[in-house]
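This briefing goes through helices, a cavity, aromatic contacts and a few backbone details. Please look over the sequence and the model before reading on.

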Amino acid sequence: MAPRNALPQASAGQLELEGFHDIRFWGDASAQDIHAIMMADAPKAGTSASLSVERHQQVSNLLAISGGAEDGAFGAGLLVGWSDAGTRPKFDLVTGVSSGALIAPFVFLGREHDNQLREIFTKYGRKDIFTYNVSGLLEGAALADDAPLARLIEKYVDAAFLQEIAGERIKGRILLIGTTNLDTQRPVLWDMGRIAMSRNRDAINLFRKILLASATLPGVFPPVRIQVRVGGQNYDELHVDGGVTRQVFIAPSVFSFVGHDQKAGRAAAKPRLFVIRNGKIDPEWQSVNDNVVSVTQRSISTLIKNQGIGDLYRIYSVTRQDGIDFNLASIPADFTDTSDEPFDQKYMIALFNRGYDLASHNYSWAKAPPGMELVTQAHN
């Protein structure tokens, strides 16, 4: 790999990519800043290419999909089962991170892409996602080569797929994917519809790169380089798994869209947020060997679990404040299948089927994160 030319600290806040405009923003920016970027350069109302600012002041259905590596099969199965039940809504906004980033575009486009979503999480196994890099431990940027995953993304994300994404963005619907900028230690949210709408010939490559970056486990997979140009000089940003900074997210600016029907001048129907946590929320007992590898692995998995729960608390608090109906799904505690290796195909099929069965039989969404159920009941 060619030597990297990192952005200097003075330019690290650079958001514009050459040939693209207003396609990304910092995930930790203020709601006002995010809203300004998402709505920047929107065509005037009444034009055929309008991004429908007025039309989408009322947002009714929101979906946020978390990371979870092979556990993403649960969310994929849940969404396909929900679709087959005939009750899955058309979402005004979809967000995804890590394995959730690989689910989000297909759900965003609707049930016509359910077969592709099923394929991605049941047809392939570890060898279709990555191969081991035997020299990665001593040299190089990763322990594994994710070229197989990049080829899978390329297979499913073609020019026609991008045109569909662009068409939905023109209608005012929004698809956001999260990555982590390693140099700045900040989450980056990408407006995938704006990328798809651009006439830049590199749009499809950038779209694929972002999906790959969001699913890139740092240290395991090599980081993805995103090229930026500042002052006539080319630099490389390093982007990895969005789950490093956010296990699940909903952009703060979304809440500026909800609450009032501007045309009717009256209170709008209560918006609904659906959060899919591709993992178990409840503590899981496991006998841990007292060696470095076991202790480290268990500690990291515990850290990730509790980071995800913290993200749910933050999102829940905002929904309570803004009158948004909160709905949470997670892998049930009684699912006890285990995987023999990362991205074990048999494990993913079993988990997909469990999610499908739950959603196709009137799934009961949790109305609060763990520990907050009594608070919710007290306020209802």
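Does Asp22 count as buried or exposed? At 15% relative accessibility, Asp22 counts as buried, where buried means under 20% relative accessible area, exposed over 50% and partly exposed in between (1.4 Å probe, protein chains only). This is a predicted model, in which local features need pLDDT of at least 70, side-chain atom pairs count only at pLDDT 80 or more, and totals for chains, interfaces and linings use all residues. Residues are numbered from 1 along each chain as its sequence is written, and side-chain values use heavy atoms, with hydrogens and water left out.

**Backbone with positive phi**

- Asp22 is not a glycine, yet has a positive phi of about 55°.
- Asp22 is found in the segment before β1 (24-26); helices (H or I, at least four residues) and strands (E, at least two) are DSSP runs, numbered from the N terminus.
- Phe343, also a residue other than glycine, has a positive phi near 55°.
- Phe343 is found in the loop between β13 (325-330) and α11 (345-359), and at 12% relative accessibility it counts as buried.

- Helix α3 (residues 99-109) is mostly covered, with 11 of its 11 residues buried.
- Among the buried residues of α3 are Leu102, Phe106 and Phe108.
- Helix α9 (residues 203-214) has 12 residues and reaches 17 Å from its first C-alpha to its last.
- That span of α9 is close to the 16 Å expected at 1.5 Å a residue, the expected span being 1.5 Å times one less than the number of residues.
- In α9, 10 of the 12 residues are buried, including Arg208 and Ser214.

**Cavities**

- The structure holds four cavities of 30 Å³ or more; on a 1 Å grid over the protein atoms alone, a cavity is a set of points where a 1.4 Å probe fits but cannot get out.
- The largest cavity has a volume of about 280 Å³, a volume being the space filled by probe spheres set on the points, with grid points joined across faces, edges and corners.
- Its lining has 22 residues, of which Leu102, Ile120, Phe121, Ile129 and Leu149 lie nearest the centre of the largest cavity (lining residues have an atom within 4 Å of a point).
- The elements that give two or more residues to this lining are α3, α4 (114-122) and α6 (147-156).
- α3 gives the most to the lining of the largest cavity, with five residues.
- By residue type, the lining divides into 20 nonpolar, two polar and no charged; Ala, Val, Leu, Ile, Met, Phe, Trp, Tyr, Cys and Pro count as nonpolar, Asp, Glu, Lys and Arg as charged, and the others, Gly among them, as polar.

**Aromatic pairs**

- The structure holds 13 aromatic pairs; rings of Phe, Tyr and Trp (its six-membered ring) pair if their centres lie within 6.5 Å, and planes under 30 degrees apart count as stacked, over 60 as edge-to-face and the rest as tilted.
- Phe106 and Phe161 form a tilted pair, 5.2 Å centre to centre with 55° between the planes.
- This pair links distant parts of the chain, with Phe106 in helix α3 and Phe161 in helix α7 (residues 159-170), 55 residues apart.
- Phe106 is buried, with a relative accessible area of 4%, and Phe161 counts as buried at 2% relative accessibility.
- Phe335 and Tyr347 form an edge-to-face pair, 6.0 Å centre to centre with 65° between the planes.
- Phe335 lies in the loop between β13 and α11 and Tyr347 in helix α11, so the pair ties together parts that are 12 residues apart in sequence.
- Phe335 is buried, with a relative accessible area of 6%, and Tyr347 counts as buried at 10% relative accessibility.
- Trp82, Phe91, Phe274, Tyr363 and Trp365 form one aromatic cluster.

**Charges over rings**

- The charged end of Arg173 sits over the ring of Phe108, 4.3 Å from its centre; the criterion is NZ of Lys or CZ of Arg within 6 Å of the ring centre and within 35 degrees of the ring normal.
- Arg186 lies over the face of Trp26, at 4.2 Å from the ring centre.

**A contact of Ala368**

- Ala368 lies in the loop between α11 and α12 (373-379) and counts as buried at 3% relative accessibility.
- The C-alpha atoms of Ala368 and Leu328 are separated by 6.9 Å, with the two residues 40 apart along the chain.

Definitions and conventions:
1 Å grid on protein atoms, 1.4 Å probe; cavity = no way out; pocket = protein on both sides within 12 Å on 5 of 7 lines; lining within 4 Å.
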